[in-house]
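Open the model in your viewer and keep the selection tool ready.

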Amino acid sequence: MLCESLSMAWWSLLLRGIVALVFGCLALAAPGVTLTALVLWFGVFVLIDGAFLIAGAFAGRKEHEHWWLMLIEGLCGIVFGLLALRVPGITALVLLMYIAAFAIITGVLRVVMAVRLRKEIEGEWWLALSGLAGVLFGVLMLMAPGAGALAMMIYIGVWALFVGFSLIFLGFRVRRIGRTGGTWRGGEVAPAH
């Protein structure tokens, strides 16, 4: 079960959520930062997020056949992070495309994971909502590429905070399920059959 796989790597979800919250707070606290600082923040954020995702995927690979979804999302983070860090002087439009593509790809993967979790855990909609928020965020960024850097930082900060809270909530939920060996239904953990 995907839920069992996630419960073994609940710490990965928690750490990714904390990193997303820190990134979101930085983006909202200092929206007037230079483009180079924005690129570096984004690059570090997605590299750390990708590394935690990959670790979580490998931790659950023996228990679940769909562990590769987490692996793909983690590899996307590593690739986009390295691209952002390799060329920190890129233009705002290219950075916008990097961030939008990352948000859309990882958003779709989160929605797919939520659909797979719907039979195993109640509240999977948090993961689906964070995925939909990522897709919506990416599409909005692509539709308005002329938006100022300040507006872009606010969008990025809000998106990162939403994703962070969603991942932390999901991490604690699957941790509880892993401890009891059941599934999450109706606000309680039901014993596994």
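Start with valine 22. Its relative accessibility is 46%, so valine 22 counts as partly exposed, since that label covers values between 20% and 50%. This is a predicted model. Valine 22 sits in helix 2, which covers residues 10-29.

Next, go inside. Select Phe42, Phe45, Met141, Ile156 and Trp159. The largest nonpolar core has 42 residues, and these five touch the most other members. Which helices supply at least two residues each to this core? Color helix 2, helix 3 (35-59), helix 4 (68-86), helix 5 (92-117), helix 6 (125-143) and helix 7 (149-180) to see them. Helix 5 gives the most, with 11 residues.

Zoom in on methionine 141. Leaving out residues up to four places away in sequence, what does methionine 141 touch? Show Leu96, Ile99 and Ala100, then Met152, Tyr155 and Ile156: these are the contacts of methionine 141.

Last stop: serine 166, in helix 7. Is serine 166 buried or exposed? Its relative accessibility is 3%, so serine 166 counts as buried; the cut-off for buried is under 20%.

Key:
Residues are numbered from 1 along each chain as its sequence is written. This is a predicted model: local features need pLDDT of at least 70, side-chain atom pairs count only at pLDDT 80 or more; totals for chains, interfaces and linings use all residues. Side-chain values use heavy atoms; hydrogens and water are left out. Helices (H or I, at least four residues) and strands (E, at least two) are DSSP runs, numbered from the N terminus. Buried means under 20% relative accessible area, exposed over 50%, partly exposed in between (1.4 Å probe, protein chains only). A nonpolar core is a set of buried Ala, Val, Leu, Ile, Met, Phe, Trp, Tyr and Cys residues joined through side-chain atoms within 4.5 Å. Contact means heavy atoms within 4.5 Å.
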